[in-house]
Amino acid sequence: MSQDQRFEIESLPILPLRNSVVFPASVVPINVGRPRSVRLVEDLLGQERAIVGIVSQRDASVDEPTFDDLFEVGTVARVVKVIRLGPSNYSVVLHGLSRLRLVNRSGIEPYMRAKVRRIAEDLERDGDLDRLANQLRDATRELLGLMPNLPKETQGVLENVREAGSLADLITSNLTSEQASVPDRQTILETFDVKARVIAVTQFVQRQLELFRVRREVSTMVADEGKSQREQILRQQMKSIREELGEGEDDELEELREKVRLAQLPEDAQKIAKKQLGRLSGMHQQSAEFNVTRTYVEWLSDLPWQKTTTDKIDVQDCKRCLDEDHFGLDKVKKRIVEYMAVRKLRSDKKGPILCFVGPPGVGKTSLGRSIARSMGRRYHRIALGGVRDEAEIRGHRRTYVGALPGRIIQGLKKVAVKNPVLVLDEIDKMGVDVAGDPASALLEVLDPAQNGTFQDHYIDTPFDLSQVTFIATANNPDTIPGPLWDRLEVIEVPGYTRAEKRNIAREFLCPKQLSSHGLTDERLEFEASGIGAIIDHYTREAGVRGLEREIGSVCRHVAMKLAEGEDVRIVADQAKVEEILGAPKYLPDLAERVSVPGVATGLAWTPSGGDILFIEATKMPGKGEVVVTGNLKSVMQESAQAAMSFVRSRAKDLGLDPEFLKTIDLHLHVPKGGTPKDGPSAGVTMFSAVTSLLLQCAVRREVAMTGEITLRGAVLPVGGIKEKLLAAHRAGITEVLLPERNQRDLEDVPKDVLAGLKVHLIKRIEEILPIVLLPPDAVPEEPAESP
């Protein structure tokens with residue numbers, strides 16, 4: 001009976017591999033991202049000890065292979081573990097069991113499936129085979145000693161695997177792709193005779209040994225016999241002389257000299273390091289100056305003066321990374337992809353400094369991490385919020401006790417390369433005091449024409465920052481100084497709509513929180529109604545940070561039940577979410593509105609995104625005094641005065657007594673007085689509130705407005721239209737009044753938001769009242785529940 005007739009024919013799903021071959025007895029992780037392969041993996045989720053067939057492709061460039069593109073021999077493997085890396089992307093750990101031969105093709109949809117026959121291994125041993133296996137062990141052990149970059153597991157294979165066939169398979173599996181190509185590995189896999197297989201693998205290993213010996217001989221012949229080697233010989237002689245005189249030099253100082261020699265310092269830094277090393281050799285080791293100087297030389301030797309990573313800029317890969325890490329943000333992603341395309345085409349790799357501006361929790365910092373991942377560069381984040389000292393950027397001078405380099409140089413030391421992606425987080429929250437202005441210090445760092453010779457006060461020698469990719473983030477652009485703003489290319493990252501938040505929660509936040517709390521979707525399943533309840537009643541934000549926290553609260557509740565020994569399986573719908581999280585934290589904004597004369601709804605921009613702003617007006621007997629309260633700054637107070645002046649100047653046109661203010665006092669109030677308010681966009685709302693009060697006509701509760709007014713009756717454009725309309729959409733507003741000159745800003749508003757809003761574009765104040773006021777005898781509608 002032949003080897004492949006000892007087993008019955010069985011039907012298995014087939015997972016095609018490219019650029020790799022899986023051997024029996026090996027445990028390997030593979031990344032799965034092709035549609036058919038993803039469907040296969042998702043079909044196996046939840047199955048214990050699932051078995052698949054692993055067959056390599058003849059041509060790795062084929063994206064969707066058929067059976068004609070596969071080899072006839074593969075490996076039967078057990079699925080040990082499945083890890084989800086992102087949408088439609090998995091990492092699968094496989095344990096090879098035995099060889100297989102394809103017998104009959106069953107189909108390729110939804111994934112490949114075929115009838116296969118396992119190939120039995122000949123386990124009979126003889127003296128000749130043991131001798132060949134020992135030769136293979138010795139050759140591999142020698143190669144392992146010469147090439148330490150081989151996997152550490154190879155040593156364990158040599159010591160623990162006794163069966164000759166498995167030994168040959170595992171050694172081949174641990175060789176690098178340069179040492180054994182895919183066709184070579186497939187040849188070993190198709191070699192069923194154990195003795196022939198051992199001989200073939202031994203030839204591979206001996207070929208690599210011979211190649212390594214030749215390279216070492218050539219390297220020895222052309223080795224540099226120049227200045228550095230001469231210095232090393234002289235240093236050894238000096239060490240011997242000092243030992244003879246009883247003045248042996250400290251090993252630590254010798255190690256420091258070696259670090260400086262290997263650091264590849266530029267000429268200026270090399271001179272400084274040698275000078276400081278000379279001073280160290282004459283100092284007493286217990287002196288304070290010795291420690292200060294030694295620390296300085298260590299900083300010089302630890303900086304990545306010449307070390308870089310190779311850029312792998314690929315536009316398609318950049319799109320893939322951005323789509324995996326972020327939902328929506330199409331315009332932001334398009335601008336980043338354009339930025340990457342320009343960097344790929346330009347030889348000097350210089351480009352604008354990107355600055356992501358938007359509310360908290362919308363993914364600004366993680367966009368920088370995605371850019372670094374797509375470029376193949378290392379990533380480091382520098383938090384600048386609250387920094388008030390210029391030395392945090394430029395470093396302290398070494399004359400001060402406890403002096404250190406600035407955060408830029410510290411970050412470069414941590415990443416150990418001179419071309420990382422550095423994210424300067426929260427640059428809008430830097431302060432100014434007597435210690436200097438850190439924003440001004442950043443001007444040199446972020447200027448491509450100057451940062452090639454950036455000089456930190458501590459290092460005190462130029463360091464090249466021109467290869468660093470700087471990315472900044474901010475919440476409020478108004479607090480960024482003008483000269484610094486001029487060096488940035490601003491990309492606005494808006495808040496998310498309710499639909500986008502629901503998708504983000506389903507695709508990213510829920511799986512992430514389930515995984516971090518040790519749960520599966522079998523124990524806790526989030527329904528759309530539950531996610532919607534969290535969005536509407538437990539968060540009020542432009543981003544998704546609070547949404548993630550509340551989802552984490554639900555997960556912690558389930559984890560606690562499991563830890564107490566309960567066998568729980570919870571479906572988190574709206575009722576269950578309210579049971580776990582308690583009473584809603586936020587009521588619908590419109591529920592706060594009462595349709596009575598003197599109350600109008602405005603739209604405001606804040607660093608945290610758009611918001612709803614209620615403006616109330618009331619009157620009482622008096623002598624014409626106008627009071628404005630609500631912690632309003634000067635610009636909003638002037639808007640209130642302008643609104644009052646316009647009403648008084650047009651009293652007759654509005655149907656009011658021109659002397660109406662003689663016998664009454666007016667009070668304008670903006671609730672939430674604990675929050676300072678300012679900005680030139682409340683004039684329209686204040687005019688509507690005052691006019692509504694005086695005419696005794698309520699403002700329609702489903703209408704919100706924004707815009708500034710002049711004493712001539714013109715409505716001026718305002719900023720933050722996108723954020724304001726997102727806030728109106730979240731609050732259930734159905735009609736919005738905007739200045740006519742803001743029409744162009746509607747192009748940036750998501751289409752699903754505009755579809756739910758009726759936008760009135762107004763040019764003059766006279767156009768406002770017919771739209772917003774109810775008739776005097778109209779009965780106000782009761783507040784509706786939020787959607």
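User: Let's start with R49, where does it sit in the fold?
Analyst: In this model, which is predicted, R49 has its place in the loop between α1, residues 35-44, and β3, residues 51-56.

User: Buried or exposed?
Analyst: R49 counts as exposed, because its relative accessibility comes to 59%, and the cut-off for that class is over 50%.

User: And how is R49 placed relative to Y111, how many Å between the C-alpha atoms?
Analyst: The C-alpha atoms of R49 and Y111 are separated by 19 Å, the two residues being 62 residues apart along the chain.

User: Backbone next. What is the peptide bond from E109 to P110 like, cis or trans?
Analyst: The bond from E109 to P110 is cis, with an omega near -5°, and P110 itself is placed in the loop that runs between β5 (89-107) and β6 (113-119). As background, most peptide bonds are trans, and most residues other than glycine have a negative phi.

User: Which phi value does N19 have, and where is N19?
Analyst: N19 has a phi near 65°, which is a positive value in a residue other than glycine, and it belongs to the loop between β1 (9-17) and β2 (27-32). With a relative accessibility of 62%, N19 counts as exposed.

User: What about A25?
Analyst: A25 also has a positive phi, near 75°, and is likewise a residue other than glycine; its position is in the loop between β1 and β2. A25 is classed as partly exposed, since its relative accessible area is 37%.

User: Switching to aromatics, how many pairs are there?
Analyst: Taking ring centres within 6.5 Å as the rule for a pair, the count comes to four aromatic pairs.

User: Take Y296 and Y458, what is their geometry?
Analyst: The ring centres of Y296 and Y458 are 5.8 Å apart and the planes stand at 75°, so this pair is edge-to-face. Y296 belongs to helix α10, residues 288-302, while Y458 is in the loop between β10 (454-455) and β11 (462-463), so the pair ties together parts that are 162 residues apart in sequence. Both Y296 and Y458 are buried.

User: How do W299 and Y458 pair up?
Analyst: For W299 and Y458 the centres are 6.5 Å apart and the planes are at 75°, so that pair is edge-to-face. W299 lies in helix α10 and Y458 in the loop between β10 and β11, so here the parts tied together are 159 residues apart in sequence. W299 is buried, as is Y458, and Y296, W299 and Y458 form one aromatic cluster.

User: Which charged side chains sit over the rings of Y296 and W299?
Analyst: R398 lies over the face of Y296, at 3.8 Å from the ring centre, and the charged end of K413 sits over the ring of W299, at 4.1 Å from its centre.

User: On to helix packing, how do α12 and α13 cross?
Analyst: The axes of helix α12, residues 330-345, and helix α13, residues 364-375, come within 12 Å and cross at roughly 35°, and this crossing is right-handed.

User: Which residues meet there?
Analyst: From α12 these are V332, I336, M340 and R343, and they meet L367, I371, S374 and M375 of α13. By class, the contact of α12 with α13 has six nonpolar residues, one polar and one charged.

User: Where is N476, and is it buried or exposed?
Analyst: N476 is in the loop between β12 (469-474) and α17 (482-486), and it counts as buried because its relative accessibility is 14%. N476 and D428 are 48 residues apart in sequence, with their C-alpha atoms 6.2 Å apart in space.

User: Last one, A617, where is it and what does it touch?
Analyst: A617 is found in strand β17, residues 609-621, and at 11% relative accessibility it counts as buried. Leaving aside residues up to four places away in sequence, A617 touches P597, G598, H667, L668, A689, V690 and L693.

User: How far is A617 from T691, C-alpha to C-alpha? What is the gap in sequence?
Analyst: The C-alpha atoms of A617 and T691 are 9.2 Å apart in space, and the two residues are 74 residues apart in sequence.

Technical notes:
Residues are numbered from 1 along each chain as its sequence is written. This is a predicted model: local features need pLDDT of at least 70, side-chain atom pairs count only at pLDDT 80 or more; totals for chains, interfaces and linings use all residues. Side-chain values use heavy atoms; hydrogens and water are left out. Rings of Phe, Tyr and Trp (its six-membered ring) pair if their centres lie within 6.5 Å; planes under 30 degrees apart count as stacked, over 60 as edge-to-face and the rest as tilted. Helices (H or I, at least four residues) and strands (E, at least two) are DSSP runs, numbered from the N terminus. Buried means under 20% relative accessible area, exposed over 50%, partly exposed in between (1.4 Å probe, protein chains only). A charge sits over a ring if NZ of Lys or CZ of Arg is within 6 Å of the ring centre and within 35 degrees of the ring normal. Axes are lines fitted to C-alpha atoms, for helices over the stretch in contact, and angles run from 0 to 180 degrees between N-to-C directions. A crossing is left-handed if the near helix is turned anticlockwise from the far one by less than a right angle, and right-handed if clockwise. Contact means heavy atoms within 4.5 Å. Ala, Val, Leu, Ile, Met, Phe, Trp, Tyr, Cys and Pro count as nonpolar, Asp, Glu, Lys and Arg as charged, and the others, Gly among them, as polar.
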